[in-house]
Amino acid sequence: MAEEAPAAAPAAAPAKAAKKKATKPKKTGPSVGELIVKAVSASKERSGVSASALKKALAAGGYDVDKNRARVKTAIKSLVLKGTLLQTKGVGASGSFKINKKADTKPKKPARSFQSHTLLL
């Protein structure tokens, strides 16, 4: 028997390059909330703008409402919670909305520190 040369080690596989996540470019336009506030403030309706009319106004402005339906709903709800919009009819993200003109007109007073109060007994 002839001595065989040890088998050559298999060629080392080239190290795989770490895959980088494809970063999506940041959207540079205004947020959905800002678009909604602009659409409602541009309206001349006394009773406010209905949710469907609001979506039509966003679509006319170039926003893809069908693709971002959930974002529009959450933006409407958050604007009502913040007090930026008043809901004149309906519940949740449905109904009619108008701009709250009484939103934070008074500047808030700074909170008093507890140490400044002394109790006299």
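Select helix H1 (residues 32–42) and helix H3 (residues 69–82): their axes come within 9 Å and cross at roughly 70°. Axes are lines fitted to C-alpha atoms, for helices over the stretch in contact, and angles run from 0 to 180 degrees between N-to-C directions. H1 is therefore roughly perpendicular to H3 (65 to 115 degrees).

Now show the side chains at this crossing. H1 brings Val32, Gly33, Ile36 and Val37; H3 brings Arg71, Val72, Ala75, Ile76 and Leu79. Contact means heavy atoms within 4.5 Å. By class, seven of these residues are nonpolar, one is polar and one is charged. Here Ala, Val, Leu, Ile, Met, Phe, Trp, Tyr, Cys and Pro count as nonpolar, Asp, Glu, Lys and Arg as charged, and the others, Gly among them, as polar.

This is a predicted model: local features need pLDDT of at least 70, side-chain atom pairs count only at pLDDT 80 or more, and totals for chains, interfaces and linings use all residues. Residues are numbered from 1 along each chain as its sequence is written, and side-chain values use heavy atoms, without hydrogens and water.

Next, the sheet. It is open, with three strands in the order S1-S3-S2 and antiparallel pairing. Helices (H or I, at least four residues) and strands (E, at least two) are DSSP runs, numbered from the N terminus. Strands S1 (49–50) and S2 (85–89) are the edges, each pairing on one side only. Pairing requires at least two DSSP bridges between two strands. S1 and S3 have two, in the antiparallel sense. Pick Val49: Phe97 of S3 stands opposite.

Finish on Ser96, in strand S3 (residues 96–99). Ser96 counts as buried, at 9% relative accessibility (buried is under 20% relative accessible area, 1.4 Å probe, protein chains only). Beyond four places in sequence, its contacts include Ser47, Gly48, Leu86 and Thr88.

How values were computed: Angles under 35 degrees count as roughly parallel, over 145 as roughly antiparallel, 65 to 115 as roughly perpendicular and the rest as oblique. Buried means under 20% relative accessible area, exposed over 50%, partly exposed in between (1.4 Å probe, protein chains only).
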